[in-house]
Amino acid sequence: MTRPSSTQDIPEASLVPTHVAIIMDGNGRWATTRYLPRVAGHAKGVEAVRGIVKACVARGVAYLTLFAFSSENWRRPPEEVSLLMRLFSTALEREVSRMHANGVRLRIVGDLSRFDPVLQQQIADAEVRTADNERLTLTICANYGGRWDMLQAMNKAAATRPGSTEFTEQDLAPHLAMAHAPEPDLFIRTGGEQRISNFLLWQLAYTELYFTDTYWPDFNAASLDQAILSYQQRERRFGRTSAQLIEVRKAS
């Protein structure tokens, strides 16, 4: 299914964001400020994921996308990367049954070929088990990068049309890693940094951006409500003027 493009069409703006995308930043700093090893922050961050998934379901958010591990995170110390992989595997073991019972569909997107075969199988099994759930689609971006996404989509599009040299958005869109979801309405980054760090570069074209100093392990339902309130106060013009929006509201 090809989703509407915010640069080609005008998406319908709802009071509650249909799709929330989050960079979960600050796990390590949360731990070090408490004189704990960085992995303790990542473990606490998994608990925060559970709470935000529950909060999104309660608020009517249909899609939640989380940036768990970027293609650049391999540059971290090997011991930390190894611990993150084990934590990812453990989280799948513990959380998938809970997600399935609560109607959550799980998708994992990114270049998964670099992961251990056992972890790859866990991912595949989790996706199959939850494939028919419709209450919330939770997408985890793992070994993902926005530039990687566009390049792999371009290569797949080119493979379907050998010899072609010109492509449109419609040619590329079905091959993007996030083709199963609409473009995010609200982007949140925790931890105080104000950049998008190679996350959903294609999809964030008209997304509302929200940055908070709160470290991810401390980000809770109340924090999410603050972000949604900020979103609700934005004027989503999609290239139009404010006067045009007033006329649209009058006509509706």
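In which hand does α3 pass α4, left or right? The crossing is left-handed, a label used when the near helix is turned anticlockwise from the far one by less than a right angle, with clockwise giving right-handed. The model is a predicted one, in which local features need pLDDT of at least 70 and side-chain atom pairs count only at pLDDT 80 or more, while totals for chains, interfaces and linings use all residues. Residues are numbered from 1 along each chain as its sequence is written, and side-chain values use heavy atoms, with hydrogens and water left out.

Now for the helix pair itself. Helix α3 covers residues 78-101 and helix α4 covers residues 117-130; helices here are DSSP runs (H or I, at least four residues), numbered from the N terminus. Their axes come within 10 Å and cross at roughly 15 degrees, where axes are lines fitted to C-alpha atoms over the stretch in contact, and angles run from 0 to 180 degrees between N-to-C directions. That makes α3 roughly parallel to α4, a term for angles under 35 degrees. On the α3 side, the contact (heavy atoms within 4.5 Å) is made by M85, F88, S89, L92, E93, V96, S97 and H100. Helix α4 brings L119, Q122, I123, A126, R129 and T130. Sorted by class, that comes to 7 nonpolar, 5 polar and 2 charged residues.

The structure holds 13 of them, each one a side-chain nitrogen of Lys or Arg within 4 Å of a carboxyl oxygen of Asp or Glu. E80 pairs with R38, with the closest N and O atoms 3.0 Å apart. Since E80 sits in α3 and R38 in helix α2 (residues 38-59), the pair ties together parts that are 42 residues apart in sequence. E80 counts as buried at 11% relative accessibility, whereas R38, at 34%, is partly exposed; buried means under 20% relative accessible area, exposed over 50%, and partly exposed in between (1.4 Å probe, protein chains only).

R50 is partly exposed at 33%, and E95 is buried at 10%. E95 also bridges to R98, at 3.1 Å between the closest N and O atoms. R98 and E95 are 3 residues apart in α3, so about one helical turn separates them. R98 is partly exposed, at 40%. Elsewhere, D25, R29 and R189 are linked in a network of salt bridges.

Technical notes
Helices (H or I, at least four residues) and strands (E, at least two) are DSSP runs, numbered from the N terminus. Angles under 35 degrees count as roughly parallel, over 145 as roughly antiparallel, 65 to 115 as roughly perpendicular and the rest as oblique. Ala, Val, Leu, Ile, Met, Phe, Trp, Tyr, Cys and Pro count as nonpolar, Asp, Glu, Lys and Arg as charged, and the others, Gly among them, as polar.
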